[in-house]
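The following exercises ask the reader to work through a protein structure step by step. Each task is followed by a worked solution.

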Amino acid sequence: MKNIIKKSIVQIFSTSDSEAIVQEAKKQIIRELDAPSRRLFLQRGLTLGGIAMLTGCDISDNASVETALGKISGFNDRVQGWLFGSTRLAPVYPESMMTRPFPFNAFYAEDDAPEVDGLAYRLKIAGLALDKREWSLPALYKMAQVSQVTRHICVEGWSAIGKWGGVPFGDFLRLIGADLSAEYVSFKCADEYYTSIDMATALHPQTLLALTYDGEILPRKYGFPMKLRMPTKLGYKNPKHIEVIEITNKFTGGYWEDQGYNWFGGS
């Protein structure tokens, strides 16, 4: 079986990457580690995707280590993108399994969550879209919506199950005439958070422009007026308090991604 996997992978990736991809696939993508742990991980001679990738890297040198980690992160992005399937769904759960209360999580305290004026709010569209009109909340609330009970998985190691409702993001992108061949969709938020995702994830059937939580208007602590809910991504990839959506071919990174977190961030 291992040889079959190798032969299939070689058809997509270079020979030098093949063994590393096998290891990555077997491990289902190693979770991101904090910077000190990652450095120790390298210094002990272990690898994320194969030590061959780090040939010539002096692990006692900070710049060299960071360069190596950047290569590993980019490699993980490619592998996760390869493994991602547009029809592969994240598990759904009965409402009886919801975590109550659903935990707050952000890079700031709950009391510091932004207070967005719902009456004045307008969602802005930028980049490669035909219809760039601004969207009020009443206009968004009138759109056909669905709900899902899925698990939020945090990179810190905890998870929680919640119920989100909203507009399938792929439907919204089609409605505004977004260029679906573009590489990325990026988000800017009222809390100064920003991130970006690949178009395949944007079009995934479980990706929601979430406007409600547990049947009620999305609370401030969960991202009012809207968040992007993606059960196929780790929590930090799910932006809250969204103000601007841009369809682009320019890689824009993200708040945590620019600090070393894996960009693809699949769960």
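**Exercise 1.** In which strand is G162 found? State whether G162 is buried or exposed, and identify its contacts.

*Solution.* The model is a predicted one.
Step 1. G162 belongs to strand β3, which covers residues 159–168.
Step 2. The relative accessible area of G162 is 0%. Buried means under 20%, so G162 is buried.
Step 3. Not counting residues up to four places away in sequence, G162 touches M98, F102, Q148, V149, T150 and Y213.
Step 4. The C-alpha atoms of G162 and R100 are 8.4 Å apart in space, while 62 residues separate the two in sequence.

**Exercise 2.** Which residue forms a salt bridge with R100, and where in the chain do the two partners lie?

Step 1. Side chains of opposite charge can pair when their charged atoms come close.
Step 2. The side chain of R100 meets that of D214 in a salt bridge, with an N to O distance of 3.0 Å.
Step 3. R100 lies in the loop between α4 (62–83) and β1 (124–127), and D214 in the loop between β6 (208–213) and β7 (216–217). The pair thus links distant parts of the chain, 114 residues apart.
Step 4. R100 is exposed, at 56% relative accessible area, whereas D214 is partly exposed, at 28%.

**Exercise 3.** How many salt bridges does a search of the whole structure find? Describe the pairs R133 with D131 and K233 with D198.

*Solution.* The total is given before the two pairs.
Step 1. The search finds seven salt bridges.
Step 2. In the pair of R133 and D131, the closest N and O atoms are 2.9 Å apart. R133 is partly exposed, with a relative accessible area of 44%, and D131 is also partly exposed, with 22%.
Step 3. The side chains of K233 and D198 meet at 3.3 Å, N to O.

**Exercise 4.** Which residues touch the most other members of the largest nonpolar core? Relate I245 and S186 to one another.

Step 1. In soluble globular proteins, nonpolar side chains tend to be buried together.
Step 2. The largest nonpolar core has 34 residues, of which L123, F169, F172, I245 and I247 touch the most other members. At least two residues of this core come from each of α5 (137–141), α6 (169–175), β4, α7 (199–202), β6 and β9.
Step 3. Another core, of eleven residues, lies apart from it and includes M98, A160, W164 and A210.
Step 4. Among the contacts of I245 are L123, F169, F172 and S186.
Step 5. S186 is in strand β4 (residues 184–189) and is buried, at 6% relative accessible area. Its contacts include I245, V244 and E246.

**Exercise 5.** What average pLDDT does the chain have, and which share of the residues scores at least 70?

*Solution.* The average is followed by two stretches.
Step 1. The average is 81, and 68% of the residues score at least 70.
Step 2. The pLDDT is below 50 over residues 1–10 and also over residues 25–60.
Step 3. Where pLDDT is low, the predicted coordinates should not be read in detail.

Definitions and conventions. Residues numbered from 1 in each chain as written. Predicted model: local features only at pLDDT ≥ 70, side-chain atom pairs only at ≥ 80, totals over all residues. Heavy atoms only, no water. Helix = DSSP H or I, 4+ residues; strand = E, 2+ residues; numbered from the N terminus. Buried < 20%, exposed > 50% of the residue type's maximum accessible area, 1.4 Å probe, protein only. Contact = heavy atoms within 4.5 Å. Salt bridge = Lys/Arg side-chain N within 4 Å of Asp/Glu carboxyl O. pLDDT = per-residue confidence, 0-100. Core = buried A, V, L, I, M, F, W, Y, C linked by side-chain atoms within 4.5 Å.
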